[in-house]
Amino acid sequence: MTRAFVVGGRIAVIASAVALAGCGTTAGKSGASALGSTATRGVSSTAYIAALQGGVIGRLADLDIGTSDRQRALEAEYRALEAAPGGQPVEWVGRGVNGSVVAAAPYQVGSQNCRQYSHTVTVKGQPKTARGAACRNADGSWTPLT
């Protein structure tokens, strides 16, 4: 599946399975096997979003947004962590609400890639910002640090 989204004011198109599979060499492989083991396990993007455990926006007190807007916000968090260059905002727009996620440059903790990030959500003209960090797991999901 291919998705288009805004990164730093530009439209980026990424094949979701490739983004979820991470980096690797695909020489001599074709089809799903070229995407790596993550793509062949049947893990849906919903599992990757669920692994964020509500993301940093879950830490914002009194954030009153609908389920579909919360899903858009979590998808933006995942895209920022997974693919956005450090400092480049990943923006999302919902119904009467919008947001921007900015991830810092990746850093290593043991064998895991981690990133600090912030998520600003604007509801009724009032911005609220949450900050946190997450580390990438071997299966491609991201787990927030507490």
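Modeller: A salt bridge is a side-chain nitrogen of Lys or Arg within 4 Å of a carboxyl oxygen of Asp or Glu. This is a predicted model, where local features need pLDDT of at least 70, side-chain atom pairs count only at pLDDT 80 or more, and totals for chains, interfaces and linings use all residues. Residues are numbered from 1 along each chain as its sequence is written, and side-chain values use heavy atoms, with hydrogens and water left out.

Colleague: What makes aspartate 69 and arginine 72 a salt bridge?

Modeller: Their closest N and O atoms are 2.8 Å apart. The limit is 4 Å, so the pair qualifies.

Colleague: Where do aspartate 69 and arginine 72 sit in helix H4?

Modeller: They are 3 residues apart in helix H4 (residues 67–82), so about one helical turn separates them. Helices here are DSSP runs of H or I, at least four residues; strands are runs of E, at least two; both are numbered from the N terminus.

Colleague: Why is aspartate 69 called buried?

Modeller: Buried means under 20% relative accessible area, exposed over 50%, partly exposed in between (1.4 Å probe, protein chains only). Aspartate 69 has 6%, so it is buried. Arginine 72 has 31%, so it is partly exposed.

Colleague: What joins arginine 136 and glutamate 82?

Modeller: A salt bridge, at 2.9 Å from N to O. Arginine 136 lies in strand S7 (residues 126–136) and glutamate 82 in helix H4, so the pair ties together parts 54 residues apart in sequence. Arginine 136 has 19% relative accessible area, so it counts as buried.
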